[in-house]
Structure formats: structure tokens, C-alpha cells
Amino acid sequence: MEAPVLWPWVLYCVAVIAVAVGMVLVSYVLGERHRGKASGDPYESGIVSTGSARLRMSVKFYLVAVFFVVFDLESAFIFTWAICVRQAGWAGYVEILVFIAVLVAALAYLWREGALDWGAGTRGKGSGIRDQGIRD
Amino acid sequence: MNFSDLLHSAMHDLLAPGASLSAFRPELTLCATILVILLAKMALPRWTTSAFWLTLLGIAAALWFAYPWSWASDAIPPAHSIFTGVLVSDSFSVFLRLLLLLFAILFTTFTQVSGVASQDDMTEFYVLMLGALVGMCLMISANHILMVAMGVELASVPCYVLAGTQRQQPRSSEASLKYAVFGAGAAGIMLYGLSLLVGVLGTAHLPTMSTRLAMLIQSGGGLDRGLVLVLGGLMLMVGVGFKLSAFPFHFWAPDVFEGATAEVAAFLSIASKAAALGLLVRLALGFSFHPDPAMLAVLAPVRHYIVVLVGMLAVVTCTFGNLAAYGQNNMKRLLAYSTIAHAGYMMMPVAAAVALVGVDMGEARAAVASLCVYLAIYLFMNLAAFAIVAFLRNELGSEDLREYAGMVRRSPGLTVCMAVVMFSLLGLPPLSGFVAKWFIFLSLISAKLWIVLAIGALNTLLSLFYYLRVVKVMTLSAEPLHRPAPTIPLVSMAGSYCMVLTVPVVLLFFFAGGLLNWARAAASTLLY
């Protein structure tokens, strides 16, 4: 077993660190320093920024994002079935029916729990997904 | 093979009589139960305990399907892979699955007796539990790296939510978040490690991976690939160590156990651990074994690596858990460290089994059997400990050990149960904990892992003090002046539940032979 050639890797690591440190260091040494009215502001392509970047987002958006990811992924499974409908035959048809039935059951449950309601809750009495720390 | 043939063979593998689907019935039953209890909540809102009864029914049905009715005691069918090789169905997975389902039945009853899931949350609680259970079933029968990753995730993610079920309590949410963040980190590292292993070996199918590994070593492979494999193995161990709460990855355990309810802590400490050990056995034996004797001899350095890694982690985990348990006054934290220590004990036979592969296959199987015995006994004693903590919490509103003072006068029966469980966790005869440790130490002797054996024995001594302290506070300390100690008679739901769990802790000592036969059968189809 011959020893591996390690020096290119070490050289690479050293070069990466040198470039990163160098960029910061050189701009620190050579860069201009002035304090104008807007020098602390973030650069937004010339548009003056308004407000703080630390917005409190309603958690409802995350819920919708999660639903999107889940159902999007599941539609991807249906696409893969769709391109081989003929070869998969009736057995494949039954399998995709079971799959979609599970999805529908999950959707019905979410609907019933009020997870799809956007406004203030109308259903349920304080349980379920809807009121888990959702504040506007 | 063209696409149509591929599809045909996959269909045949799935649907032919006695093929994949029939071996997968217990898991499918659990999945169906999840759907049924969700639908029952929508369709029958008046039936408030529907989730509990349907869960119990579903797990009982899964248990019925999981029980190997057709096996004769002397002729256990050999292992066969299902779903085109991603899962393996053998006696080991059947045994662990039975154990998990038995635990699930006891656990579901426990949650109902202690009343942890309120009527609003009950459905979600059981859905999450069943989801985690399916993941654990996948973990113990995984035969493919993708299934390892999926099983671990499916078992972990519901547990993060379960840890946060007490939404009103900030401590519970904190536990949930800590668990999720730590789990995400561990899963990320594990996936990276897995991708390194798969990348170097060019396959994700475990038996094929061991073949490629042997070929790589035979051809002199090159040190750089060896380094990547070692790194991949370490990273894989991070993920498994997280599930096991093994030493450097145990940080979540005390905090999560303290924040979550005692019921959820019991689930994490028993079911999650059993599944993680099953996975560890699959991976450790998978990489260290090859049916061809020539290849098997070539894999010796891999075995050496795994023995050192697992043995060292086991020893450190065990010692750390036992030492850290000393200063704990919160019972759930104490039991969390006790769980960590027991994870250490249970990793020892895995190291022994790997050390014995290639030396004496029969002894290697015996080492795995000793792990199965330990898991079965650990199920009863640890669940009993958490059950008593939960019932006392309902009475006292506290999980502080000092609050248990003087219990022996008011609830003598429950105190005796707790004492039995503590002595059994410690490993004193004539209780089943002794048998469990005995078999594990025997497997270490036959593997000649003397250092691990010595430290394991020393640890039993170390653990003496904190287990005894619990008993001492309950019996010798005086009752606090400001209120009487809680009264839980044995003839009540809670008391009789504790009895049901404590009696096996004693009886399994006397019927250890029967349990050992079961465990031997469980390990009998491994390593062929």
C-alpha cells in the first residue's frame, strides 16, 4: 500500500485559507474609511431601505410551506407512476389508488383540524395544529 | 434487462405469495391504524377515547401478524431479503419487532392509566407514537443504507414532537426544540458519513457493501480510500450514537427526559433504544461479515475497527452515565443517566459479537442473543421505573427524589415495586437484571474483551450508590412535615399496572432459560 499523495490537498487548504484571510486583510488595510449618513445601511441596489430586517413572520406561512413540500413531494410520486401507467398495469393502478386515498385522508384530517384556515380559528376548541403559537 | 422487465420483477417481488408484502404485514397494520384513528376522530367526534381503543386494537393485530406462527421451534427459516433487498426479514427482526409491539401495548395502556394524553391531543399522540414505531420496525430490519437513513428519520421526527406534547409548559417546548436541533445535526452528519461510504464502495446494499469492502482491502485499496471509509464509519456512528444516547452524543437525553413527560421519556428510553441497538447490530455485523471464508478473513481490519469503536464508546458511555447520575435529584434526569449507562452495557455485546465473527460464529450469535435477553428484561424494569415516577407525579405534582421521602409508610406496595426495579437495574440477584448483565459479561468473556469486562463490572459497583439512594429516600428518610407522602394502594389502576410490570422483573430471573432460548432463536439466522 503506497502512501497517498497528500501535498496537493494541503496546498489547496493553505491556498483557500490564504485567499479568504487575504481578501479580508487587504480590504481592511487598503479600504477607504468614511462615515456618511447612509454608510451603515445595507445596500439594496440604490433603494433606501425601510424598517428593520428582523420582521416577525406569522407561523402560518411556515405551515403552508410545509404543506406545499409534503404534497409537492407526493405529486412527484404520482408523476413517476404516470409515465409507466401501461407497464404497471392494474396492480400499479391499485397501488396508486391506495397512495392517493392515504393522501386524501391526510388532507381531510388537516381540513377538519382547521390547518387550512387562514383567518382566526372558527373550528375546534383550542386543540390541533391551528393554534400552536400562531400570533400575528 | 429493459424497463418493463424491471417493473415486472419488482411487482413480482412485491405481490407474489409469501413475498415482500406478506412479511411486511405488521408494519402495514400499524400504518392502517394511523389512518383509521385519524378518520375516527373526524367521523366519530363523540367517541372520545376512540384513539386509545383503536390503537390498542391495531397494535394487537400487528402483534398477531408479527408472531411467527408457522415456525417450528427447531426449523427457523433462513433470512430472506424483501422489497428487492432494502429490508431483511429474519428471526432477529421478528424478535425485536415482537418486543417493540409488546412494549407499544404496555405503553399505550400506561398513557391511559396515567392520563398523559388529554382528550384533545390523544389522537395526535398515538399517531405520532405509531409513526415512530413504524420507523423503528424499519430500523431493525434495514438492509440498505437508504432504509437506514429513512428508518432513523421516521423514528426520530415523531419523537421530537412527542417530547413537546405538554404545550403549556415552556420546559417541554424547550426539550422538543433541543431534541430536534440536536437530532437534525446528528442526522446531517450521519447522512454525510453514509454518502462517503456509499461513494467509496459504489453501492448502498449492505451485503454488497461488505463484498466491495473486502475486494477493496484485497486489492490494497490505497490509504486515501481507507481514510474516507474510517471517516464515514465514524460519522455513521454519530447518528447511531445519537439514537443510542451514547457518550459524546448523549447531551440531549437528560434535558429531553426532564422536559418531556415521564411517559414519553419511557418511550424514548426503551423503544428508541431497542431500535437503535437493532440497527447497530445490523450495521456492525453487516460490515464485518461475509459468507465466503476467504473474504471473511480479509475483513479482519474492519472488524478490529468496529470492535475498538463500539467497545470504547460502550465503556465510556457506561462510566459517564453512572458517574453523572450521582448528583441528580430529579428522578427523570436520574433515569436519563441510568438509560445512558444501560445503553453502554447494551453496546458491549455488539462489540463482543463483532469480535467473535470469524472466530466462532456460534459464540457471536450467543453474544447477540445476550443483547436480546437484556433488551427484553430492560423493557420491563425501565418501563416500571418510569411508570412509578409518572404515577407519583400525578399525586405529588413533582418529580423530585427528595419529595419521595417516607413513602414506605403510606404506599408500601409501590415502594416495594420501586425497590425491586432499582435493584434489578443495578443487577442484583435474584432479579432479572442480574441475569441480563450475567449473559452480557459471559459474551465479553468468550470474546476475550477483558478491559471492557473489567470496566463493565466496575460500573455495576459504581451504579450501586445512586440506585440505592432512591430506595433509601423512600424507606429510611422521614416523611416531610408539610404534607403526607402520597398514598397509592396496589389495588388501583396505577398500583396494579406497576405490579404487572414488576412481576416479570422478578419472574424472568427464574425463567431466564426460556427467555434465553427465545433469544438464541432470534439470533440463530444471523451471520449466514
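Q: Which residues touch the most other members of the largest nonpolar core?
A: A nonpolar core is a set of buried Ala, Val, Leu, Ile, Met, Phe, Trp, Tyr and Cys residues joined through C-beta atoms within 7 Å. Buried means 20 or more other C-beta atoms within 10 Å of the residue's own, with C-beta atoms placed from the backbone. Here the largest core has 202 residues, and B:Leu100, B:Ala351 and B:Ala384 touch the most other members. Helix H16 (residues 361-396) of chain B gives the most to this core, 26 residues. Helices are DSSP runs (H or I, at least four residues), numbered from the N terminus.

Q: What should I know about the model and its numbering?
A: The model is predicted: local features need pLDDT of at least 70, side-chain atom pairs count only at pLDDT 80 or more, and totals for chains, interfaces and linings use all residues. Residues are numbered from 1 along each chain as its sequence is written, while chains are lettered from A and ligands numbered from 1 in the order in which they are written.

Q: How much of chain B is buried?
A: Buried residues make up 55% of its 528 residues.

Q: How do the axes of H12(B) and H15(B) cross?
A: Two packed helices are described by the angle between their axes and the distance between the axes. The axes of H12 (residues 262-288) and H15 (residues 331-356) of chain B come within 10 Å and cross at roughly 15°. Therefore H12(B) is roughly parallel to H15(B) (angles under 35 degrees count as such).

Methods: A residue is buried if 20 or more other C-beta atoms lie within 10 Å of its own, exposed if 12 or fewer, and partly exposed in between; C-beta atoms are placed from the backbone. Helices (H or I, at least four residues) and strands (E, at least two) are DSSP runs, numbered from the N terminus. Axes are lines fitted to C-alpha atoms, for helices over the stretch in contact, and angles run from 0 to 180 degrees between N-to-C directions. Angles under 35 degrees count as roughly parallel, over 145 as roughly antiparallel, 65 to 115 as roughly perpendicular and the rest as oblique.
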